[in-house]
Every structure is written in structure tokens, then in C-alpha cells.
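Please look over the structure below before reading on.

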Amino acid sequence: MSDQMPDSAPQFLTVGEGEAAREIAMLVRPAQAGNGAPALVWLSGYRSDMSGTKAVELDGLAAELGLACIRLDYSGHGLSGGSFGDGTISRWLEEALAVIRHVAPDRVILVGSSMGGWIALRLAQELARQGGVTLDGPKLAGMVLIAPAPDFTSELIEPNLKAKERKSLAERGYFEERSQYSPEPNIYTRALIEDGRKNRVLDGIIETGCPVHILQGMKDTDVPHAHAMKLAEHLPADDVVLTFVRDGDHRLSRPGDIALLLSAVKGIIRSSTNRQMPV
């Protein structure tokens, strides 16, 4: 039944070929029969996965409303195969795009947290580019971004690198940083940073062609709220709502934060339904 949590039965999709092949885990909730609303797509942050609080709450909303919901773990994360150290924005973007194309919903609402916000913005560009070429694939109905971190490698990490971190990158190909959320350190590789430069979105106008709702904590020590304001400036053609949570941190996982997230998603669903109706 569609109101049962599908956590016990992940599906796996092989992405890439040869030595680059990896098994990507996904949890797919089908829509209730006759429900034509867009599918919700969850995009996790760096070192996070599809079983986190916000991801599970989003799936619960989908169950309540009879919507399809797609969650995935990037390679090196959660239940997916592949090495975390091989991860780059391009690689994780390829996996998210492959999962969406495999499930093949008609329309999607992308819900991205932190780095998942960057992946969402790049997905919007790729879906528009590929759709323009092939005239198929899902259409983007909206986007909800939670503490989005587009271009975080070049905007937030590189300018603040200490001498010892630069030395570690040059000599070992990575550096470590203490994590607030895990006993294991965050690892940032040279490949991730170099690839990040190729995936920049804050270097021109971003055209998503859909409404965008950004949720940002003002006490976020990982992604400053000025970064969300900068992103909004790069979305001049879109209907953008920017909600600041005065005492919110980076995770925005408290009950009140979750209520804001679900409300934002419902708002995008309503606007997508209205746009589908004849004028």
C-alpha cells in the first residue's frame, strides 16, 4: 500500500560503466492512482542520506497526499556503493539524473538540502538542456532549497583554506576537517574542489523556469545566510520566496523547521496545480 514506508525495500540502479559503475540505492514511493501532482525528489546534503529526518518527513507528506516520492543515496553515502572519496558534484549529479530518468515521472519538485540545493540547481539546468534536445524527460514544477550551498567548494571552502590544508590537498589529494555532526571528520578532496569549479552556478543568471522557495537559518555556521541572499540575486527570472529562520541552524530539523519545510512544499504543489489548470 502507498501509505506504508518503503524503507525496507530499497531498489538499486547501476550508474556508470566499467570501473566507474556503482550501485545507487533509491526509495521510490509510487503515487496513488489518478494523482497527477508532481513527484517529490529528495536531494541530500554532503555526507547525509535518504534516511535523515527531513527526507523521512518529506516522504511522510507524500504518503499523506498520495504523491510519488523519490529518494536516493549518492555513491559513497548511505546504502549506495562506490567510494565517498571518488565523489564529485558531477558524479553525484549524474546519479540523481539517472535515478529521475529511471523512475520517469512527468513532473518533479526538487527538494534539496545544503549540497543537495546545488545538485538541484544543476539538475534544473541539465533537465532544461536535455529536454530541449530530446523533448522528453520530466518537467520541473518547483524547487524547495534548505540552507542551499551552491558552489560551496569555490565560495565557502577555497577562500578559507589554511596553509596546512592547502599543503594536504597538494600532497595527499584531500584534507580533513572536524565535523559538528559526526565523530568522523569531513573529507574534502582535490577532485571535489576542481570539479566544483566546473559546476558553478553563481557565475550568471540561473533560469529554473519554476517557483523556488529557499529556507535559511540565520544562525547557520556552515552556510552563511548571505549565501542564500546571493543565490536569490542569481534567480531574477523566477518566482523566489526566501524565508529566514532567525534562530535556525544549518540542519533546520526541529519540529518548527520541519513544519516550515512541509508548508513550503505544499505551497509549490498548489502553485504547480494552478499552473496546470486552463486559464
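A pocket here is an open set of grid points with protein on both sides within 12 Å along at least five of seven lines, and its lining residues have an atom within 4 Å of a point. The model is predicted.

**Largest pocket**

- The space in the largest pocket comes to about 1100 Å³.
- Its lining consists of 38 residues, and those nearest the centre of the pocket are Tyr-46, Tyr-181, Asn-186, Asp-222 and His-250.
- Sorted by class, the lining of the largest pocket contains 14 nonpolar, 15 polar and nine charged residues.

**Second largest pocket**

- The second largest pocket has about 240 Å³ of volume.
- There are 17 residues in its lining, with Ala-37, Ala-39, Ala-68, Pro-105 and Asp-106 nearest the centre.
- The classes in this lining are twelve nonpolar, two polar and three charged residues.

**Cysteines**

- The number of disulfides in the structure is zero.
- Cys-69 has a relative accessible area of 0%, so it is buried.
- Cys-210 also counts as buried, because its relative accessibility is 4% and the cut-off for buried is under 20%.

Definitions and conventions:
Residues are numbered from 1 along each chain as its sequence is written. This is a predicted model: local features need pLDDT of at least 70, side-chain atom pairs count only at pLDDT 80 or more; totals for chains, interfaces and linings use all residues. Side-chain values use heavy atoms; hydrogens and water are left out. On a 1 Å grid over the protein atoms alone, a cavity is a set of points where a 1.4 Å probe fits but cannot get out, and a pocket is an open set with protein on both sides within 12 Å along at least five of seven lines; lining residues have an atom within 4 Å of a point. Grid points are joined across faces, edges and corners, and a volume is the space filled by probe spheres set on the points. Ala, Val, Leu, Ile, Met, Phe, Trp, Tyr, Cys and Pro count as nonpolar, Asp, Glu, Lys and Arg as charged, and the others, Gly among them, as polar. A disulfide is a pair of cysteine sulfur atoms within 2.5 Å. Buried means under 20% relative accessible area, exposed over 50%, partly exposed in between (1.4 Å probe, protein chains only).
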